[in-house]
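Okay, thanks for letting me go today. Have a look at the screen, and I'll walk you through what I found.

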Amino acid sequence: MKIFKIISISAIMIAILTWLSISFYIAHLPKEDFIQGQIEATQYSISSKVAGRIDDIFVKKGDLIKAGDLAYTINSPELEAKIAQAKANYEGAKALRVETDKGARTETITSAKELYMTAKTMAELAEKTYNRVQNLYNSGVVSLQKRDEAETNFKNAKFNENTAYQQYKLALDGATKETKEAVKQKELAAKGMLSEVESYAKDTQAFSPIDGEVSNVLIHKNELSPSGFPVVLVLDINNSYLRFSITEDKLKDFKLNTEFEAFIPSIDKNVKFKVKYISPMGEFATWKAANKKNSYDMKSYEIEADILTKLPDIRVGMSVLIK
């Protein structure tokens, strides 16, 4: 009985020592070294140059959207008022240009002609009167005063005739070349202003620039949207990529265009990638002591890699383990 007890205790001690030895061995086995990255995708903002209240939103978070699909609309009474004002300015400038090109109205030309003919007739009469008085003065019948008065009347009549003729000529010719050009440029400026305002009006409807997935909607119906605010965010899930960072001593394994395989735990699959971009990271958080003996710092680099194994299960945000 005593021998059996000793054997039992010995067996238990051996079992404990064996368990401790195996546990110690497993604990000190070299662990597999992984670099962890994450699936990323470019995010696009759907925004508008027009400020106003959101009239309607046609998408929600998680929706798939295609390029050119209407995402939301904006209601802007102020913009509508500016469009009406710009149209009025343009129509006014256009009418002025047409009137300038057309020249004076027929009635104006006729009136100017009649005034000229009247002035011409009066000048002819004044000339005849002056000639008669001059002859009488030469004969000694009238005084010098009468002759001077007739001469003055004749000169005034000629001045009036010339003035009336110039007015008649202006009515016939219309506006000057410089005036017509100025009016034309004014019309073009008004048209340009109208086009600018109308282009803003088109921006009251916001469309998706890409095929993708709506990742967030930041403003909702009836809320005020500032100009350029990203109301809807869209992820380009069709062009997702892997992003991770490494220290410079591992750069030799991830040269540009290098292909490698990595494990995605969430879908339990190995996926192939290809390095497309290498860039040093910021100074503030990328220096790391390499070892205590040599004690030099290694810079960190950001790596982006295209996904070569296209799988529908791969989603933005998934962790990726690289040996």
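This is a predicted model: local features need pLDDT of at least 70, side-chain atom pairs count only at pLDDT 80 or more; totals for chains, interfaces and linings use all residues.

Residues are numbered from 1 along each chain as its sequence is written, and side-chain values use heavy atoms, with hydrogens and water left out.

Take Ile 314, which is 47 residues away from Ile 267 along the chain, and yet the two C-alpha atoms are separated by 7.6 Å. Ile 267 itself has its place in the loop between β11 and β12. Is Ile 267 buried or exposed? Ile 267 counts as buried because its relative accessible area is 14%, and buried means under 20%, exposed over 50%, and partly exposed in between, with a 1.4 Å probe and protein chains only.

β11 and strand β12 (residues 269–280) pair in the antiparallel sense over six bridges; two strands pair if DSSP finds at least two bridges between them. The names come from DSSP runs numbered from the N terminus: helices are H or I with at least four residues, and strands are E with at least two. Phe 263 has Asn 270, in β12, as its bridge partner. There are four residues between the two strands, and in this hairpin Asp 268 takes a positive phi near 55 degrees.

Now let's zoom out to the whole chain. We have five helices and 15 strands. Of the 323 residues, 28% count as buried. The accessible surface comes to about 21900 Å², and 55% of that belongs to carbon and sulfur atoms; those areas come from the Shrake-Rupley method with a 1.4 Å probe, and for residues only the protein chains shown count as cover. If you take the contacts with a separation of 6 or more, 74% of them are between residues 24 or more positions apart.

Next, the cores. In soluble globular proteins, nonpolar side chains tend to be buried together. Here the largest nonpolar core has 25 residues, and Ile 46, Ile 54, Ile 57, Tyr 72, Val 231 and Val 232 are the ones with the most contacts inside it. By nonpolar core I mean a set of buried Ala, Val, Leu, Ile, Met, Phe, Trp, Tyr and Cys residues joined through side-chain atoms within 4.5 Å. Which element gives the largest share of this core? That's α2, with five residues. Apart from this core lies another one, of 20 residues, and our friend Ile 267 is among them, along with Ile 264, Val 271 and Ile 307.

β3 and β5 pair in the antiparallel sense over four bridges. They belong to an open sheet of four strands in the order β6-β5-β3-β8, with antiparallel pairing. β6 (205–207) and β8 (224–225) stand at the edges with a single partner strand each, so one side of each has no neighbour in the sheet.

Now, rings. Rings of Phe, Tyr and Trp (its six-membered ring) pair if their centres lie within 6.5 Å; planes under 30 degrees apart are stacked, over 60 edge-to-face, and the rest tilted. How many aromatic pairs do we get by this rule? Five. One of them is Phe 244 with Phe 260, edge-to-face, at 6.0 Å centre to centre and 80 degrees between the planes. This pair links distant parts of the chain, with Phe 244 in strand β10 (residues 241–247) and Phe 260 in strand β11 (residues 259–264), 16 residues apart. Phe 244 counts as buried because its relative accessibility is 4%, and Phe 260 is buried too, at 11%. Phe 254 and Phe 260 also pair edge-to-face, at 5.3 Å and 85 degrees. Phe 244, Phe 254, Phe 260 and Phe 273 form one aromatic cluster.

Last stop: Lys 276 lies over the face of Tyr 241, at 4.5 Å from the ring centre. For that, NZ of Lys or CZ of Arg has to be within 6 Å of the ring centre and within 35 degrees of the ring normal. That's my tour, thanks!

Note on methods
Contact means heavy atoms within 4.5 Å.
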